[in-house]
Amino acid sequence: MTTRTFRAGIHPPAFKERTMAREVMDIAMPEELVIPLHQHTGAPCGPLVKVGDEVLAGQKIGDSKSYVSAPVHASAAGVVKAIEPRLYFTGAQVSSVVVTVAKEQKMAPLPPGKRADDATPEDIRKAAREAGLVGMGGAAFPTAVKLSPPPDKPIDTVIVNGCECEPYLTCDHRNMLERPSEIIGGARLLMKAVGAKRCVLGIEANKSDALGLLGDAIKDETGMDVMALEVKYPQGAEKQLIKAVLDREVPPGKLPMEVGALVHNIATTIALYQAVTQGMPLIERVLTVTGPAVANPQNVRVKVGTSVRHILEQCGGAVNAAKVVLGGPMTGWAQSTLDVPVVKGTGGILALTPDLAGPDGHLACVRCGRCIKDCPMFLYPNFIGLYAEAHQWDKAESWGALDCFECGICAYVCPSRRPLVQFVRTAKAQITARRRSA
Amino acid sequence: MKPCETLIVSPPPHIKSGVTVPTAMRDVLIALLPVTLTSVYFYRLNAVFIVAVCLAAAALTDLTIRRILGRPSSVSDGSALVTGWLVALCFSPTGAWSWWTAAAATFIGVGLAKEMMGGLGFNRYNPALFGRACVIILAPLFVLLNPEFSELAVRFPMPDAISTATPMALLKQGMQGPAYLRLFLANAGGALGETSALALILGGVYLYLRGHICWRIPVSLVGTVVALTAILGRDPVVHALAGGLLLGAIFMATDWVTSPVTDQGKIVFGVAIGVLVVVFRLFLGPVEGVAFSILIMNGFVPLIDGALRRLKFGEVRGAALVRKAA
């Protein structure tokens, strides 16, 4: 089978064997949930409950009038203990609803589900919004907004992203193996919502079982394909995936709809199917708990708002962890404490042992050019880093700082161990702050 | 569970490739082994001695200069040793060679051209070539000094068959040079690093396979020299294989710090050096044209990098022009 791909990129070791063959497990309910009211790109939600209220599982507890936003729901029944700023995985303090979980779990009455065939595009968007769907691949962009392209940007192809190119993570892989019918149902809904005639399930070639299973499952579906893609990081990045599947390049600063494409992650696709057919809000997700410090690495189904500490305990503990990352090793966020909740966009918990945790001191740039050679956006990370260090923000911008999506390749390959992603982030923040004040 | 209560927080990525500056420098040293061994075959202990002197001088210079500047020693990153080794390969144990000249060249390279410019990554000029070129320019000084130090001179026995004239010198005098095959495989005469084209190419292929250098600079440089000498009616094969051309093209012009980082820039850089080499060799005096050509083009690297940028992902040529004009 020939595999398609994009230009540049790297081949890091996969580290997926620890968890890829293990079925998704449910874990014990935690005693407390911390549910941030702002888990998505866009406007934060305001609380719909107050301290002391009893809530039911699936009950909406936060919403916003803004178009670009997504409501949040109680992931379990219980009592609202507090509504206060709590530590979020990015390090920020985010207003959160703290729920003491009740012994007896009861589901809130859900909006009626529709048969997938009967749902209109408007029904699908409304269900996505009501269920609080966001992109579960990490960026957490509200799904309903993505499903509402303007009429002058017709979308011909939906791409369901099953690449899972981040090392260590296998939750999308497990979802593909365990829930193929929901993925296909969700893909149908995505196509219908935006009026696309074609859908491609893009899967990296190292998941041959998923390729085979989904390939068989779509045999009778019209307009649907499964495509094997080269195992290369960042194959699952939106623009790189569109390039690989459709050979179209999204222009700098533009969205995929510019080239008639829409990309959704596997988990989001499943969640959309559940939202439309069962009225099920997004209150739980599958994530990979892994890394050499985890005693019993596995994929687990967890309630949104569960603390990292509880999840690690349920996986046998991580006694020797020196670094705990939410997300994948290339783009994830290192945590300062285990008392931080996982949210809708969290795809993994990675616990690293001291030998793998760094931190590395860094040297000056030796201009080896590896970051330039491997950058999938064809930028010049070395110069962005140098000018960010020198506080020359205009020059950092001229070398492409704003076009970087922080895949982490530059810092991964840098022989001087320069924190290039951090330099880019600093440059971006400074450039946008200057624009705003100008 | 009792997890470590102090967790390390650092920006992503949280995994790194195995390539670091020290491992890369180690690979360069490995790549220099074939030609060094060839020179040891021809010059015996003389070659070993030059390399040893330069390595020691490089390490000592790194230690002392960095101590004076208040920086921790950087001998362990290997870059000073690479410079020292490359300086050694620029010297020939025949003729008026003396070990203190090589030590001085190393000191100037590591100390002045690199450390005083800010250390590895901040030097504009290739340290090894800068040191070598300074010694060439300071030749009258060494003529003056050498008799004072003559008692310190070290000479090891040399096999009889070694001719003192380098192929390039023979060519300049209009004499018959060595046969092509011998020039390619192994030929005594000239600097340590000029004893075998094959050994240099082997080293270059190793560096290429390890991902440390790309083909653009060596190929465009040597290609330009071959094309120009052929057009001008000279022997392109001798010009490609003899003298310091391959040593310069594979190991000096590809120096990370002092060569362009852009793909197009590398080609321009290589071609420009090639043109300069031909000008030096055919029309100007010094035999060490390669060293001066590379050093001259080192100075143009920031200009080349700034002028030749590739398009970003999804960018079209016209849009790039608009962006520049705006």
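**Conventions**

I number residues from 1 along each chain as its sequence is written, with chains lettered from A and ligands numbered from 1 in the order in which they are written. Since the model is predicted, local features need pLDDT of at least 70 and side-chain atom pairs count only at pLDDT 80 or more, while totals for chains, interfaces and linings use all residues.

**Domains of chain A**

I looked up the domain assignment of chain A, whose bounds come from an automatic or database assignment, and found domain 1 (27-105 + 285-355), domain 2 (121-278) and domain 3 (370-437). I then took domain 2 and domain 3 of chain A, whose C-alpha centres lie 29 Å apart. Five residues of domain 2 of chain A are in contact with five residues of domain 3 of chain A, where contact is taken as C-beta atoms, placed from the backbone, within 7 Å. On the domain 2 side of chain A, the touching residues divide into four nonpolar, one polar and no charged; here Ala, Val, Leu, Ile, Met, Phe, Trp, Tyr, Cys and Pro count as nonpolar, Asp, Glu, Lys and Arg as charged, and the others, Gly among them, as polar.

**The six-stranded sheet**

I next followed an open sheet of chain A in which six strands take the order E1-E14-E13-E17-E15-E16, with mixed pairing; strands are DSSP runs of E with at least two residues, helices are runs of H or I with at least four, and both are numbered from the N terminus. Strands E1 (25-26) and E16 (333-334) of chain A are the edge strands, each pairing on one side only, and I count two strands as paired if DSSP finds at least two bridges between them.

Helix H3 (residues 171-178) of chain A packs on this sheet and touches E13, E14 and E17 of chain A, its direction making about 125° with that of E13(A); axes are lines fitted to C-alpha atoms, for helices over the stretch in contact, and angles run from 0 to 180 degrees between N-to-C directions.

Within the sheet I looked at strand E13 (residues 284-290) of chain A, which is largely enclosed by the rest of the structure because seven of its seven residues are buried. A residue is buried if 20 or more other C-beta atoms lie within 10 Å of its own, exposed if 12 or fewer, and partly exposed in between, with C-beta atoms placed from the backbone. The cover extends to both faces of E13(A), with Glu284(A), Val286(A), Thr288(A) and Thr290(A) buried on one side and Arg285(A), Leu287(A) and Val289(A) buried on the other.

I traced the pairing of E13(A) to strand E14 (residues 298-303) of chain A, which is antiparallel over six bridges and sets Leu287(A) against its bridge partner Val300(A). With strand E17 (residues 348-352) of chain A, E13(A) pairs in the parallel sense over three bridges, and there the partner of Thr290(A) is Leu350(A). Strand E17(A) is also joined to E15(A) by four bridges in the antiparallel sense, with Val324(A) opposite Ala351(A).

**Other strands of chain A**

I found a second open sheet, of four strands in the order E2-E8-E7-E4 of chain A, with antiparallel pairing. Strands E2(A) and E8 (residues 93-101) of chain A are joined by five bridges, and Leu33(A) has Val99(A) as its bridge partner.

I also checked strand E10 (residues 198-204) of chain A, in which six of seven residues are buried. Strand E10(A) runs parallel to strand E9 (residues 157-162) of chain A over six bridges, and parallel to strand E11 (residues 224-229) of chain A, again through six bridges. In these pairings Gly202(A) stands opposite Asn161(A) and has Met227(A) as its bridge partner in E11(A).

**Core and chain contact**

I looked up the largest nonpolar core, which has 232 residues, with Ile384(A) and Cys54(B) having the most contacts inside it; such a core is a set of buried Ala, Val, Leu, Ile, Met, Phe, Trp, Tyr and Cys residues joined through C-beta atoms within 7 Å. Beyond its neighbours within four places in sequence, Ile384(A) is in contact with residues including Trp399(A), Phe423(A) and Val424(A).

Chain B itself has 16 helices and zero strands, and buried residues make up 49% of its 326 residues.

Conventions
Contact = placed C-beta atoms within 7 Å.
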